[in-house]
Amino acid sequence: MYIGRFLVVGPDVGAYRVSSRSFPNRTISRRDDDTLTVGPTADAPETDNPYVAYNCVRVTDAGAVLGNGSHVDPVAEKLAMGYPARDALATALLSLDYEKDDYDTPRIAGVIGDENAFVGIVRRDALLVRAVDEPTLVATYEMDTPEAYTLDATDAEAAAREVLDAEFEHAVCAAGLVRDGDGFALASLDA
C-alpha cells in the first residue's frame, strides 16, 4: 500500500518517512544540532517543485516538531514563542493549508513537548489536531486520520529504521528522534 509521507509521534519518540513515486531522489541531512532537512540528492533531476525540499524536524527549547513541509518552521517558531503545542500545530496547519499540488496533498505534523504530544493533519476536507499518549501514525494518503501504531524504538536511529522498513511502498528516507535528557537525539537514514 502507498500511503505517501507519514509520521509517527509518541510522548518520547517520533519518526518521519519520505515515501515518493514522483521524487525518489531525496535524502535527509542534518543542518545543525536541531534541524533535519529533506532535499534532493546530488544526482536528482532539477525541479522547481516547492514541495521537494523542507525542514522535516526542528527541535526547540519547548519540544520537537516533525512534518512533511514548510509548515514545520512556523510550528517550531510558535512553540518556541510559548504557544501550547496544540495551538502551534493548529495555527500553522490552518494558515498554510493543504499543498496546492495535483493531489491536494495534506500537510502532516507532530509535536513532542515537555508534557504532551500531538499530531495534526490539514486535508482538503478537514483540520485535525489530536493529543496522543501512545505512538500514533498519520499519513498523507490512505491513512490520513491519526491512528495508533506500534513503534518500539528506544533510540533515534532505530526509530528511523523502523519507519523506513515499514511495509508501505516507495520508501526514500527517514528521520527519527527520541527524548534524550533535556533535549532530543536525532538520526536520519536513506533507503
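This is a predicted model: local features need pLDDT of at least 70, side-chain atom pairs count only at pLDDT 80 or more; totals for chains, interfaces and linings use all residues.
A polar contact is a pair of N or O atoms within 3.5 Å; within protein, one of them must be able to donate a hydrogen and the other to accept it.

Let's start with the overall picture. The UniProt record, an unreviewed entry, places the feature "domain: Inosine monophosphate cyclohydrolase-like" at residues 2–182.

Now look for the open sheet. Seven strands build it in the order E3-E4-E5-E6-E7-E8-E9, with antiparallel pairing. Strand E3 (26–32) and strand E9 (126–132) stand at the edges with a single partner strand each, so one side of each has no neighbour in the sheet. On average, neighbouring strands of this sheet are turned by 15° against each other, direction ignored.

Within this sheet, strand E6 (residues 63–67) pairs with strand E7 (residues 107–113) in the antiparallel sense over five bridges. Here you can find valine 65 opposite valine 111 in E7.

Two helices come next. Helix H1 (residues 72–80) lies across strand E5 (54–60), E6 and E7, and runs at about 15° to E5. Helix H2 (residues 85–96) packs on the sheet too, touching E7, strand E8 (117–123) and E9, and its direction makes about 15° with that of E8.

Let's zoom in on asparagine 55, which is found in strand E5. Is asparagine 55 buried or exposed? Its relative accessibility is 7%, and buried means under 20%, so asparagine 55 counts as buried. Its side chain makes a polar contact of 3.0 Å with the side chain of arginine 31, and another of 2.7 Å with the side chain of threonine 37. Leaving aside neighbours within four places in sequence, the residues in contact with asparagine 55 include Leu36, Gly67, Val72 and Asp73.

Finally, visit strand E2 (residues 13–19), where seven of the seven residues are buried. Val13, Ala15, Arg17 and Ser19 point one way from E2, while Gly14, Tyr16 and Val18 point the other way. Which strands pair with E2? Strand E1 (residues 6–9) is joined to E2 by four antiparallel bridges, and a hairpin of three residues links E1 to E2. In this pairing, phenylalanine 6 has arginine 17 of E2 as its bridge partner. Strand E12 (residues 171–180) also runs antiparallel to E2, joined by seven bridges, with alanine 15 opposite glycine 176 in E12.

Key
Residues are numbered from 1 along each chain as its sequence is written. Side-chain values use heavy atoms; hydrogens and water are left out. UniProt positions are given in the numbering used here, feature names are shortened, and annotations may be inferred rather than shown by experiment. Two strands pair if DSSP finds at least two bridges between them. Axes are lines fitted to C-alpha atoms, for helices over the stretch in contact, and angles run from 0 to 180 degrees between N-to-C directions. Contact means heavy atoms within 4.5 Å. Buried means under 20% relative accessible area, exposed over 50%, partly exposed in between (1.4 Å probe, protein chains only).
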